[in-house]
Each structure stands twice: as structure tokens, then as C-alpha cells.
Amino acid sequence: MINVGGLELKNPVIAASGTFGFGREFSEYYDLGRLGGISVKGLTLEPRMGNKTPRICETPSGILNSVGLQNPGVHEFVRTEIPFLRQFDTKIIANIAGNSFSDYEQMAEILNDADVDAIELNVSCPNVKDGVVFGQDPQLLEKLTRSVKDRFEKPLFVKLTPNVTSIVDTAKAAEAGGADGVSLINTLLGMAIDIYRRRPVLANNTGGLSGPCVKPVAVRMVHEVYRNVNIPVIGMGGIETGEDAVEFIIAGASCVMVGTANFADPLACIKVIDGIEEYMEKMKIKDVRELVGSLEFN
Amino acid sequence: MKTNYLCRVEELKRLTDTIWLLELDASNIREDIKPGQFFHVKCGEGYLRRPFSVCDFKDGMLRIAFEEKGRGTKALARVKQGEYVDVLGPLGNGFDIGYDRICVVGGGIGVFPLLYLLNKSEGSRKDAVLGFLCKDKVVLENEFENSCDNLVIACDDGSYGVRGFVTTALEKHLEKHDFDIVYTCGPSIMMKKVYEICKKHNIPCQVSLEERMGCGIGACLVCVCEVKKENVLQNKRVCKDGPVMWANEVYYD
């Protein structure tokens, strides 16, 4: 067992929000109980239809997406998705996104009375209007984090956007606001152009870049944040294998999230879990905690 | 539990200048494959898989046809006999079969899933109306000939078969023949027109949709299309809820 900000995980691998739905589709491929946890599709107070298509575009070693937080709303999540997920022995992390303090506060109260294990505060979705504002302003972020923390008794994680000058500033703001941990990175804002039509490929013009191409940026940011805050860091960004995950853990992540890789291979999370174990066996490491932040600079 | 499969390349045939037919040894796939379903196929170094509908599946041999277009399909067009291709599937919802008199209407590369549909519609009276740009683009004519009772081929430029659009050929065909269902696959503008013709004749119509996909299994919500069901607009996932849908729900008024 590993403890990440009060959340007890059976292993350090969590399925990342927005790439895993509510687990239903992946439950046809493996027992979701094998996962440390699942961060569910980003929830909003009311249902959302999301953006127009095309919503995806392949890039070298990754993808750009602009789904726009299509989701059934927090009430429907509580009513139908939590009971489904509770069939499996894994932790449920509710990823929530809002446009106002009130949106976040109401969702925190609803989820405090619901059977979830943690909240991941999504203040970094680049694909909705105003979505990133909270995540880019340290003062606002601290205030929002405190406000949600006051209304939710279980662990609270803040998901950080890389689209800032200093991710350490926003990480510190989350810590000051009472977050139990930070998760990073969300997607990098990007654009792809169809040169024959001279228009963006994505209907929403811009989208979030993810996949192996962002991994070095993510590893660097995880390490920077790890050195500057005292709360646990959840690392993500282009993880496809156990080796990738170990890289994040050495950089300072207490656990990792696997996202875009789920699109290419529905068994990606399982392969990462097995890969971490193989590495530990090979390197004769008994406890993954020994690895966290064990990086030594040249 | 579902999984992906590694299938051996038995043959890669060139059908036209840009269209290929890939034959895979899929004897390791034990699942039932319904017409209209697709496989999500790893193509070279591309990050995402590419979805291709099943063109035929018989005696463990899986046939997938594709158009060489972007990076992924270019890589797939270079696979060699004996190599293995990573396929995920069968995925999605297929066509509803079991009607007495059926007609399939295909345009261009949209004809491929209709061949498997004809082959799996045993006991039905089967007509096919297929449209291509020109004679050089006509594919699998013999296979279609053998798989249906009545084949009409139309070419836009009149270089083969009847002259004109497939939709014009369909209109003429429906004047003389009656059907219990029409199935269509092709460019969306064509499928919409097919639906309008069917509506005039009061024939139910199923369409097979195409959209850029991510995961292919229904999780990422990238390939949605708007449908109207019981008067409510909603997003349906082409990969999981489709790719086959009822035309009146997709082309709602």
C-alpha cells in the first residue's frame, strides 16, 4: 500500500481523467480492481455536450484533443457511475471542473455526501472557455482550493496546467490552499493546421497536446514541483511503460497517472503496473517509496 | 475478457492506385464478427490505431480494405506477407440483419463493409447498388456479383456501368424493386441523399458512419455524432454506439 496525501493505493498507477471514461469500456478488457485508482472523466455541475468534431488529431508521438468536457453531470455520476465503479476494488477520484467558485463548491458538497475517495480539482482544461483561468492565477487558485477543501473531507488533489510561466507558483498556491497533493501535467495548449484548407484541424481551433511527446516536459515539471512543495506529487504526461512511470517516480512523483496511452492500447495501465514490478524486481527494490524523488543531479 | 490480437499477413493486394485489400490470418479470433463492425489497427509508428470495417471474414481469414491516405495507411500499405499486424476488435455495433429483401448502397471505399453484410445475410433477397468515380475506381466487382442477386454499378463519369451518381441509380432501382431495408455506407452527403430517397419510399435505412477516432472503444468521446432519439438531441459515440445507426436518427429534420 502507498499513501498519497491520505489516499491509500494498492499500487502507484491511476487511470488519468478524460482518457478512461468511467471505466466501463475498460472493464471489458481487465479487472478494474487491478488499478491503484481511477480518475473519472471531468465532471461539471450540469451535463455538457462538449465541442464539435473533429475533436482529435494525431501529432508526432502524441495527440491533440479538444473534447470540451463532454460529461453527464455530477448528479448522473453519483447516481449511475459510482455504483458501477464500486464493484471493483479500486479508488474513485472525482475530477471536477467549473466556471465559477459556486460551481466547484456545489460539486464539492455533493461529492462529500457521495461515495468517492478523493477529488481532483480540474483547473487546467484548455478546451473550455475560462477553464484554465483558475489554474493560471495563483491567488485565485489558493482561494478556490481552500473553498473546496472546506467542503470536502477526503483527500483533495489539484491538477496543474503546464501552460504557465512557473508551475511552482501554482503548485505552492494549491499547497497553501490546503491541497493534499498536486497532479501534473495537464495537456499543453497546441494547434495543428490543415495546410490545404488553411484552417485548424480541430473544430475548436486549439487543443491539448498529450502523449509521449510531452513526457520530458512533464518529468521536468514534476521534479521542479517536487523540490518546492511538501505535499505529494502525482506525475503524468506520456507514460506508456513501467520505465516511463519509474522515471516520474524518481523525479519525485509518489504515484503516476496513465492517460493517452489508454487510447492506443486498452491494456496500457496493466502494462505499466507490470512494468514497474519488473523494474523493482530487476533492481532489487522492495518498496516503491524508496524510489520517490531519488534523483541525484549530475 | 476482450483483448487485441496479432494476426499474420497472408496477402496484401492492390485493388486500385490507392486502395488495398489486406488479408489476415485471424484464426486466433474466437469472437463472433458482425457485419458493420470494425477493427482498430496499429499502423506502423503512428500513435493512434486506425479503424477499418470488416470487408469479409470467412474460415479464419479476415479481409480489411483501406485507402492509402495519411501516415498510418501509408505504413499499412507497406506490410509484408508473414509480418504481424496488431488488431483490436471486433468493435462497435453492426447492421441489423434478417430482413427478407435487402438493398445495399455503397459509394467508393464505403462499399467494403457491405460485402460482408451481403455474405452474412443468408436467406435474404439481396440487391447491391454501388457507385464509383470512374471505371478505374471500381473494386471487388466479382465478389459483389457472387454475393448478391442483382448488382448495379454506377460511375459518375459514365466510364463503366450506368452513368451518374449512385443515388440516381438507387432512385431508378427503387421504382422497379421493393425492399424491407436499405443499408448504406459512403460519403456523408451521399448517405444523407440515400436516406431521403428511402424516406420517400418508406423504407427503413441504416447508415455506417465514419469519424476520426481515438480509443475506438467508447472511452475518449472523440468520435461523437449528434443524433435525435425520442425527440432528444444527444451525442452518440460512432465507435461504440455505432458505427451503424438508423438514418432517421442521424439525419433528423
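# A tour of the A–B contact and beyond

Begin at the boundary between the two chains: 36 residues of chain A and 31 residues of chain B take part in the contact. Keep in mind that this is a predicted model.

**Stop 1: the buried area.** Show the surface of both chains. Between them, chain A and chain B bury about 2,800 Å². Carbon and sulfur atoms account for 57% of that area. Now select A:Tyr29, A:Glu58 and A:Phe263. These three supply 25% of what chain A buries against chain B, more than any other three residues.

Stop 2: Polar contacts between the chains link 13 residue pairs, with both residues at pLDDT 80 or more.

**Stop 3: the barrel of chain A.** Trace β3-β4-β7-β8-β9-β10-β15-β16 in chain A: a closed barrel of 8 strands, with parallel pairing. On average, neighbouring strands of this sheet are turned by 30° against each other, direction ignored.

Zoom in on one pair. Strand β8 (residues 118–122) and strand β9 (residues 156–159) of chain A run parallel and pair over 4 bridges. Select A:Glu120; opposite, in β9(A), stands A:Phe157.

**Stop 4: a salt bridge within a helix.** Select helix α6 of chain A, residues 215–228. Show the side chains of A:Arg220 and A:Glu224. They meet in a salt bridge at 3.3 Å, N to O. The two residues are 4 apart in the helix, about one turn. Over all chains, the salt-bridge count comes to 33.

Stop 5: Bring chain B back. Strands β13 (residues 224–229) and β14 (residues 232–237) of chain B pair in the antiparallel sense over 6 bridges. Where does B:Val227 find its opposite residue in β14(B)? Select B:Gln234, which stands opposite B:Val227.

Finish at the turn. The hairpin of β13(B) and β14(B) has 2 residues between its strands.

Notes: Residues numbered from 1 in each chain as written. Chains lettered and ligands numbered in written order. Predicted model: local features only at pLDDT ≥ 70, side-chain atom pairs only at ≥ 80, totals over all residues. Heavy atoms only, no water. Contact = heavy atoms within 4.5 Å. Buried area = accessible area lost by both parts, 1.4 Å probe. Polar contact = N/O pair within 3.5 Å; in protein donor to acceptor, adjacent residues only side chain to side chain. Pairing = 2+ DSSP bridges. Axes fitted to C-alpha atoms, helices over the stretch in contact; angles between N-to-C directions. Salt bridge = Lys/Arg side-chain N within 4 Å of Asp/Glu carboxyl O.
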